[in-house]
Amino acid sequence: MSFFRTVTIAAAAAGQSPQLLTRLRRGEIEGIIVKEVYDRATCDAIRAELEAGRHGLIRTDFPAKFAAFFYGINLNLTHPDLKEYFAEVPGFRDGLSRLFPGELNLEDRLTRLMSGLDEGTHYAAAPGPQPGLSYMFTTIRAHLPGGYIPAHFDDEQAARPSYRHLLQLVQMKLFSFVLAFSQAEAGGALEIFNLQPEKQGQPIAAGDRSAVKPDLDAVEKVSFRLDPGDMIIFSSGHYLHRVTPVSGAKVRWTACSFMAEGKKPGQVYCWG
């Protein structure tokens with residue numbers, strides 16, 4: 001049996017499995033694959049809108065060597081005072097509502113889905129430092145030909161100054177989702193390794209020169225290339241993972257969010 005225990009369900013049948021995310025947060029399983037969160041035709045239309053830029057979403061970039069960019073602002077890459085970040089939140093929400101109109105609304109659809117898989121636990125964008133502010137629920141990611149993400153634990157993020165406020169709200173044991181809108185011609189796989197941090201927040205790829213650099217060729221792993229419309233939810237804070245380089249001409253489009261239980265029970269907060 002693989003170290004990475006997964007359960008696969010159809011989005012339409014998610015209400016029949018109200019304990020799956022509860023089990024994942026307890027460590028009884030490591031991953032959930034949800035099929036057809038959006039249908040293929042909807043994904044094709046979303047991808048066309050993204051590529052045409054008809055949405056008004058703010059664009060931010062990974063470092064150039066990663067051949068990738070975001071729509072939205074990734075909390076890891078923003079200034080620690082968060083002023084620009086929160087100033088852009090209303091426009092980001094407006095852009096998402098244009099990209100996902102009406103019943104397609106991304107935040108509504110995904111928070112309802114995940115709450116239904118977690119015994120009614122409330123899922124929402126994390127609240128900001130002042131009343132009326134909130135974090136961006138997600139980011140839309142474009143990995144261009146050659147684009148990749150190096151191996152990392154998501155719990156590394158706690159060391160970044162931009163997380164100072166958020167750490168007051170959450171229990172720092174992250175999980176996350178990746179929702180695919182397109183698939184690369186080759187590559188672009190999410191690889192998850194049978195490797196957990198020896199201590200909380202252990203760095204692998206956070207720019208720490210003293211960080212451990214394991215020989216990943218010798219580590220057991222699982223690999224996922226999601227079909228458009230499918231989503232994986234997994235314990236990304238405690239399992240080393242990466243995205244392999246994209247090959248071919250097609251862009252790998254995904255939506256990704258980080259999530260953590262709030263310090264108050266019955267709440268999970270999400271951010272991009």
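In this predicted model, strand E15 (residues 252-261) is largely enclosed by the rest of the structure, because nine of its 10 residues are buried. Several strands pair with E15. Strand E6 (residues 139-143) is joined to E15 in the antiparallel sense over five bridges, and within this pairing Thr139 has Cys256 as its bridge partner. Strand E8 (residues 175-180) also pairs with E15 in the antiparallel sense, here over six bridges; Phe175 stands opposite Met259. A further antiparallel pairing, with four bridges, connects E15 to strand E16 (residues 267-271), where Glu261 is found opposite Val268. E15 and E16 form a hairpin with five residues between them. In the turn of this hairpin, Gly266 has a positive phi of about 85 degrees.

A separate description applies to an open sheet of four strands, arranged in the order E7-E13-E10-E11 with antiparallel pairing. Its edge strands are E7 (149-152) and E11 (221-224), each of which pairs on one side only. On average, neighbouring strands of this sheet are turned by 15 degrees against each other, direction ignored.

Attention now turns to charged side chains. Side chains of opposite charge can pair when their charged atoms come close. The structure holds 11 salt bridges. One of them is formed by Arg242 and Glu191, whose closest N and O atoms are 2.8 Å apart. This pair links distant parts of the chain, since Arg242 belongs to strand E13 and Glu191 to strand E10 (residues 190-193), 51 residues apart. Arg242 has a relative accessibility of 23% and therefore counts as partly exposed, whereas Glu191, at 8%, counts as buried; the cut-off for a buried residue is under 20%.

A salt bridge is also present between the side chains of Lys35 and Asp227, at 3.8 Å from N to O. Here, too, distant parts of the chain are linked: Lys35 lies in strand E2 (residues 31-35) and Asp227 in the loop between E11 and strand E12 (231-234), 192 residues apart. Lys35 is partly exposed at 30% relative accessibility, and Asp227 is partly exposed at 35%. In the salt bridge of Arg59 with Asp61, the closest N and O atoms are 3.1 Å apart. Arg59 counts as partly exposed at 45% relative accessibility, and Asp61 is likewise partly exposed at 45%. Finally, Arg25, Asp118 and Glu261 are linked in a network of salt bridges; Glu261 is the residue that stands opposite Val268 of E16.

How values were computed
Residues are numbered from 1 along each chain as its sequence is written. This is a predicted model: local features need pLDDT of at least 70, side-chain atom pairs count only at pLDDT 80 or more; totals for chains, interfaces and linings use all residues. Side-chain values use heavy atoms; hydrogens and water are left out. Buried means under 20% relative accessible area, exposed over 50%, partly exposed in between (1.4 Å probe, protein chains only). Helices (H or I, at least four residues) and strands (E, at least two) are DSSP runs, numbered from the N terminus. Two strands pair if DSSP finds at least two bridges between them. Axes are lines fitted to C-alpha atoms, for helices over the stretch in contact, and angles run from 0 to 180 degrees between N-to-C directions. A salt bridge is a side-chain nitrogen of Lys or Arg within 4 Å of a carboxyl oxygen of Asp or Glu.
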